[in-house]
Structure formats: C-alpha cells, structure tokens
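Subject: Structure handover: helix packing and a pocket

Hi there,

Here is the structure I promised to pass on to you. Could you load it in your viewer and keep it open while you read?

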Amino acid sequence: MTASRDISAGVLFHDPAGLSALKRKAGEDPAKALLPVAKQFESVYLQMMLKSMRAAVPESDLLNNESGKAYRDMFDNQLSVNLAEQGGIGLAKVMVKQL
C-alpha cells in the first residue's frame, strides 16, 4: 500500500493499512476525512446489527461448525463494509451532516 492511497476507496474489514491511512488523513485534514470515518463507523454499526440478527435466528446444522462460523463472520464483516461504502442505511450521511 502506498502513502497516496485514496481514503474514500473501499477498505477490507481486516485492512490495517487502510485504517492507518484514514487515521493519518484525519490528523492532517479532519474535514476531508469526515465521510470516510463516518462510513467506517457505519460499517462497525452494521457489523453489530448483523451479529445480533444472526444470534436471534436459530442456527442450522449445515454450517454449525467452527469453520462455517468463521466464514460466516468474515462474510458478515465484508458485507457490512460494502454496504457502508454503497450508502448503507444512511447513518454516515447523517453523521456528516450533524458534524
């Protein structure tokens, strides 16, 4: 990853370089980093929602093993990042408007 990484580009949920670039950019120009930070926050919020929804539904025997749960968690994490980047539930836009 280069230092000129676009902070508004989609970030994988396990990409520490992307989060480091976002933190550095927020220190340099907080106004420019506001929307990407809000999207990251929305992504974390969506992850929590997905986890709660999964916990509320009875598990099937098909993927009820450790590897199945690991893949499901990775899918949920990446899904929340993708949803937040594509507009999500609108939380990021509301946060930017308020701040």
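Predicted model: local features only at pLDDT ≥ 70, side-chain atom pairs only at ≥ 80, totals over all residues.

**Helix 1 with helix 2**

Let me start at helix 1 (residues 16–28), which packs against helix 2 at an angle of about 145°, the two axes being 7 Å apart. Their crossing is left-handed. On the helix 1 side the contact uses L19, L22, K25, A26 and E28, and helix 2 answers with P30, K32, A33, P36, V37 and Q40. Sorted by class, that contact has seven nonpolar, one polar and three charged residues.

**Helix 2 with helix 3**

Helix 3 covers residues 66–85, and its axis comes within 8 Å of that of helix 2, crossing at roughly 140°. The pair is therefore oblique, and helix 2 passes helix 3 in a right-handed crossing. From helix 2, the residues K39, E42, S43, L46, Q47, L50 and R54 take part; they meet R72, F75, D76, N77, L79, S80, V81, L83, A84 and E85 of helix 3. This contact has seven nonpolar, four polar and six charged residues.

**Helix 2 with helix 4**

Helix 2 (residues 30–56) also packs with helix 4 (residues 91–98), at an angle of about 135° and with axes 8 Å apart. These two helices are therefore oblique to each other as well, and the crossing is right-handed. Here L34, L35, A38, K39, F41, E42 and Y45 of helix 2 meet L91, A92, M95 and V96 of helix 4. Which classes make up this contact of helix 2 with helix 4? There are nine nonpolar and two charged residues, with no polar ones. K39 and E42 are listed in the contact with helix 4 and also in the one with helix 3.

**The largest pocket**

The largest pocket holds about 320 Å³ of space. Its lining has 17 residues, and R54, A55, R72, D73 and D76 lie nearest the centre. Helix 2 and helix 3 are the elements that give two or more residues to this lining. Which element gives the most to it? That is helix 2, with six residues. By class, the lining has six nonpolar, five polar and six charged residues.

Happy to hear what you make of it.

Best wishes

Key. Residues numbered from 1 in each chain as written. Heavy atoms only, no water. Axes fitted to C-alpha atoms, helices over the stretch in contact; angles between N-to-C directions. Helix = DSSP H or I, 4+ residues; strand = E, 2+ residues; numbered from the N terminus. Parallel < 35°, antiparallel > 145°, perpendicular 65-115°, else oblique. Left-handed = near helix turned anticlockwise from the far one by under 90°. Contact = heavy atoms within 4.5 Å. Nonpolar A, V, L, I, M, F, W, Y, C, P; charged D, E, K, R; others polar. 1 Å grid on protein atoms, 1.4 Å probe; cavity = no way out; pocket = protein on both sides within 12 Å on 5 of 7 lines; lining within 4 Å. Points joined across faces, edges and corners; volume = space filled by probe spheres on them.
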